[in-house]
Amino acid sequence: MLSKISESLPELSGAERKVAECTLASPKWFVHAAVAEIAERAAVSQPTVIRFCRSLGYKGLPDFKLALSASIGHEGMPYVHEELNADDDMDNVVEKVLGNAAASLLGERRYLKEAELENAIAMLMHARRVEFYGVGNSGIVAQDAQHKFFRFGISTVAYVDTHTQLMAASVLTEKDVLVAISNTGSSIELLDAVSIAKENGASVIAVTRNNSPLAQLADCVLSVATQENAELYTPMVSRLLQLAVIDILAIGLALRLGSEASLQLQKSKRSIHNKHVYQQDKPTA
């Protein structure tokens, strides 16, 4: 169902697309919300909500809600996936995993703020050094970020060990930027490292939930909104959203750096060009 909504976006009117994005961002909330609440959150009229449901082939809002409720599940399989159940076949697994991921990625557009992105890119452009901190799943994202950003010629590193984060934060200065990545934004060790970095004058960009403890410490917050219950289920979508935010930052920085970024990326590509096996064209008879 969520993938169906995602695929229908290009065919919807501008106002109906707002309702679709509202549905994708918070499908479980949508199921229980009144039409007035949906219209207010999507910033459209109540008739538009009904038209959206009919555009997807349903008689009205109640009919659409029933189908949506049945497709997203409720309890899920603890510690595995919130939307999957033990009796789901592989077709359901593919549908729910991909549908949930696509819906969350599209819904993220409602939470990322252009001003915050511009602020973050400006910080990165003028940094002497950029450090990425994360733990667990977020640590993997931090390593991916370091892999992307060092190719711009920026002095950068990723730390996933909490003790190393504390020590590294203690030698940061006002010329440096720390990018802290956390789904919950409540890891005590990470918060300690961020506090130390700020005491030394470093700027902090947080990729986390809005209003989390980490967000409250940061100078710039790139909100990652997910309905995942990280205490009960294995985080999946949050990691994808964090990776998408890092990609947006990397592309935004490349655009601001212009030809300088292209030159640096070209150099890195050339450095490994001869380290690949290229298939030769087969001779023709």
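This is a predicted model: local features need pLDDT of at least 70, side-chain atom pairs count only at pLDDT 80 or more; totals for chains, interfaces and linings use all residues.

Visitor: What makes up the protein chain?

Guide: The protein chain holds 14 helices and five strands. Of its 285 residues, 44% count as buried.

Visitor: Let's take one residue, then. Why is Ser212 called buried?

Guide: A residue is called buried when its relative accessible area is under 20%. Ser212 has a relative accessible area of 5%, so Ser212 counts as buried.

Visitor: Where is Ser212 found, and which residues does Ser212 touch, leaving out those up to four places away in sequence?

Guide: Ser212 sits in the loop that runs between E4 and helix H12 (213-217). Leaving out residues up to four places away in sequence, Ser212 touches Thr184 and Gly185.

Visitor: Which residues make the contact?

Guide: H7 brings Asn100, Ala101, Ser104 and Leu105, while H13 brings Val237, Leu240, Leu241 and Ala244. By class, the contact of H7 with H13 has six nonpolar, two polar and no charged residues.

Visitor: On to the sheet. What is the order of the strands in the open sheet?

Guide: The five strands of this open sheet follow the order E2-E1-E3-E4-E5, and the pairing is parallel.

Visitor: Why are E2 and E5 called edge strands?

Guide: Strand E2 (156-159) and strand E5 (220-223) each pair on one side only, and they are the edge strands. On average, neighbouring strands of this sheet are turned by 15° against each other, direction ignored.

Visitor: How do you know that E1 and E2 pair?

Guide: Pairing takes at least two bridges between two strands. Four bridges join strand E1 (residues 129-134) to E2, so they count as a pair, and they run parallel. In E2, Ala158 is the bridge partner of Phe132.

Visitor: Which helix lies across E1, E3 and E4?

Guide: Helix H11 (residues 188-199) lies across E1, strand E3 (176-181) and strand E4 (203-208). H11 runs at about 165° to E3.

Technical notes. Residues are numbered from 1 along each chain as its sequence is written. Side-chain values use heavy atoms; hydrogens and water are left out. Contact means heavy atoms within 4.5 Å. Helices (H or I, at least four residues) and strands (E, at least two) are DSSP runs, numbered from the N terminus. Ala, Val, Leu, Ile, Met, Phe, Trp, Tyr, Cys and Pro count as nonpolar, Asp, Glu, Lys and Arg as charged, and the others, Gly among them, as polar. Axes are lines fitted to C-alpha atoms, for helices over the stretch in contact, and angles run from 0 to 180 degrees between N-to-C directions. Buried means under 20% relative accessible area, exposed over 50%, partly exposed in between (1.4 Å probe, protein chains only).
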